[in-house]
Amino acid sequence: MASAKLNVAGAGVFGLACAWELLRRGQPVQVFEAARIGAGSSGGHVGALAPHAPENWNPKKQIQLDALIGAHDWWAEVARVGGTDPGYARTGRIQPVAEGAEDRMRERIAASKVNWPDWAGMELTDGPQAGLVPVSPSGLWLIDRLTARISPRRAGAALAAAIRAKGGEIIEGTPAPDAPAIWATGVAGLAPFGGNGVKGQSALLAFDAGDQPQVFADGLHIVPHSDGTVAIGSTSERDATDTGTDHQLDELIAKARLYCPALADAPVVDRWAGIRPRAKSRAPIVGAWPGRPGHYVANGGFKIGLAMAPAAAGMLADLILEGRDRIPEGFRPPMAAD
């Protein structure tokens, strides 16, 4: 294990998670951030730590499942060391079932019994006990107990506090030097590996739903947080490059109010837009940077970055500190374009 500090470029959730994982294993780090903590796509609102569908199982889904199962203890240690609450809770999820989709949902439930732990399994119900019950055209709802939530901004603050408490350094307003490092710079660092940025917009509503399950309906996440807000998100705009909010967010908020009438009069307290890094394969990019000894990549979190960050950090720490490579082929950085 090296005694010299290892550089980490980027203070989004991937960069901070990597720095924290290295520190907790005894490796000194310093984090360079060109702007501020959570300035990019890690600074949004939603924080839905939701699993992939349990059918058509693959290594990406297994890694995310393992990360979701381990998230409670991982984030609890972050909170304990840094003294800052990341807003994590495993509160579950409820989804309305479309008419005619009942058999498909039963097949999904059967797959969850095979691929998920017993306690996390899905089930159908016609009488959900939840604060935000979405309108269901079939009169049925699919629920699971695996889905969790985290506050993206509070998660970044909690990781930063834990890193500093362990003696790590975070240097904001300063790009990383061109030296060996873990490169977790989001869209700005994605170009050499293909992929693209996808704009997302989200909103926070003032509505206290406590620890009620989050809602997933027609591609929309509605996530109650512990601070008396509900997050609504998000859009997926592949050709947009600006970071302003617009009518598409208004439509998203209206859609959320339609699905969950309890939100009808909840005021909007914040609006956000950012560009999320989407790798060409849609799997996160994790591993050694080809052709650049001592350089590593953690990027492409896209919509599952908060869920996958502990897993990406763990795999990189194993590789860097122990020489143990357990990174799936589909996650490895491709050879960078000239």
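This is a predicted model: local features need pLDDT of at least 70, side-chain atom pairs count only at pLDDT 80 or more; totals for chains, interfaces and linings use all residues.
Let's look at the strands themselves. Six of them form an open sheet, with mixed pairing, in the order β8-β2-β1-β9-β16-β15. At the edges sit β8 (169-172) and β15 (285-288), each of which pairs on one side only. From one strand to the next, the twist averages 20°. Strands of a sheet pair through backbone hydrogen bonds, and the sense can be parallel or antiparallel.

Within this sheet, β1 pairs with β9 (residues 181-183) in the parallel sense, over three bridges.

## The largest nonpolar core

I182 also stands out in the packing. The largest nonpolar core has 64 residues, and W75 and I182 touch the most other members. At least two core residues come from each of β1 (6-9), α1 (13-24), β2 (29-33), α2 (59-82), α3 (102-115), α4 (152-165), β16 (296-299) and α6 (305-322). The biggest share, twelve residues, comes from α6.

Which residues does I182 touch, leaving aside those up to four places away in sequence? They are L6, N7, V8, A9, C18, L22, Y296, A298, L316 and I320.

## A second core

There is also a separate core of 21 residues, and among its members are L132, A209, Y259 and C260. In soluble globular proteins, nonpolar side chains tend to be buried together.

Terms used:
Residues are numbered from 1 along each chain as its sequence is written. Side-chain values use heavy atoms; hydrogens and water are left out. A nonpolar core is a set of buried Ala, Val, Leu, Ile, Met, Phe, Trp, Tyr and Cys residues joined through side-chain atoms within 4.5 Å. Buried means under 20% relative accessible area, exposed over 50%, partly exposed in between (1.4 Å probe, protein chains only). Helices (H or I, at least four residues) and strands (E, at least two) are DSSP runs, numbered from the N terminus. Contact means heavy atoms within 4.5 Å. Two strands pair if DSSP finds at least two bridges between them. Axes are lines fitted to C-alpha atoms, for helices over the stretch in contact, and angles run from 0 to 180 degrees between N-to-C directions.
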